[in-house]
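I opened the notebook to record what I looked up in this structure. The entries follow in the order I made them.

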Amino acid sequence: MRRPTSITSPSESEVRSEGKDEAADEKAVMERLLQDGDQSTPDSRRFMGLIRELAHFRSLRDPLASLCDDMRLTPTQVHALGWLGMDGPIQVGVLAQRIGITKKTITGVVDRLEDMGMVERGRDAEDRRAVTAKLTDRGCEIYKVIQLMTDAGIRRLMGLLPEDDREALFGIIERMLARMKACAPPR
């Protein structure tokens with residue numbers, strides 16, 4: 001699967017398009033990145049360093065670790081359940097893109113979630129060739145637990161900041177999102 005090289009997400013039609021060899025696409029992206037070389041900036045290096053340091057102390061995935069163990073779910077499966085819970089039924093290829101894995105890998109993820117009774121497959125109403133995935137009632141229950149555990153982790157993180165810093169952080173992220181949306185190609 002072609003990995004996005006920009007901050008914009010692919011449209012569903014881009015994910016639907018067939019005929020491209022995923023391995024060749026990934027190789028071309030890697031070759032271009034290697035050819036371009038390190039183009040990091042002081043700001044990008046500083047940001048990455050801060051994110052890395054933050055991850056050592058407070059990972060948002062930590063609250064989900066016990067869920068993974070208790071439910072015998074992998075982090076990728078939890079990620080898939082999360083996207084399906086947020087987006088509702090979507091094409092399996094779109095789900096792979098959102099998680100950042102290949103179409104081949106998502107097939108196994110959906111197979112296992114289907115075997116556990118958390119996901120069911122269907123056909124896309126607009127493109128009968130495309131397979132969709134959606135949460136079952138059991139999957140919806142697990143999604144609710146994921147949502148509650150994630151919220152608890154975020155509340156702990158937000159609790160580290162005074163209110164004015166939280167508002168500043170929200171404002172920065174909202175302005176970044178507005179600029180990203182303004183630059184994104186029409187869907």
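I began with the term for pairing: two strands pair if DSSP finds at least two bridges between them. I took helices (H or I, at least four residues) and strands (E, at least two) as DSSP runs, numbered from the N terminus. I noted that this is a predicted model, in which local features need pLDDT of at least 70, side-chain atom pairs count only at pLDDT 80 or more, and totals for chains, interfaces and linings use all residues. Residues are numbered from 1 along each chain as its sequence is written, and side-chain values use heavy atoms, with hydrogens and water left out.

Entry on the sheet. I looked up the strand order and found an open sheet of 3 strands, β1-β3-β2, with antiparallel pairing. β1 and β2 are the edge strands, each pairing on one side only. Strand β1 (residues 90-91) pairs with β3 over 2 bridges. I90 has A133 in β3 as its bridge partner, and Q91 has T132. Strand β2 (residues 119-123) pairs with β3 over 5 bridges. There, the partner of V119 in β3 is L135.

Entry on T136. I found T136 in the loop between β3 (131-135) and α8 (137-158). Is T136 buried or exposed? T136 counts as buried because its relative accessibility is 15%; buried means under 20% relative accessible area, exposed over 50% and partly exposed in between, with a 1.4 Å probe and protein chains only. Leaving out residues up to four places away in sequence, T136 touches G117, M118, V119 and E120, where contact means heavy atoms within 4.5 Å.

Entry on α5. I counted 13 residues in α5 and a reach of 18 Å from its first C-alpha to its last, close to the 18 Å expected at 1.5 Å a residue (the expected span is 1.5 Å times one less than the number of residues). Q77, V78, A80, L81, G82 and L84 of α5 are buried. Just after α5, G88 has a positive phi of about 80 degrees.

Entry on the helix pair. I checked how α5 (residues 75-87) packs with α6 (residues 92-99): the angle is about 115 degrees and the axes are 10 Å apart. Axes are lines fitted to C-alpha atoms, for helices over the stretch in contact, and angles run from 0 to 180 degrees between N-to-C directions. Which residues meet? I listed T76, H79, A80, W83, L84 and D87 in α5 against L95, R98 and I99 in α6.
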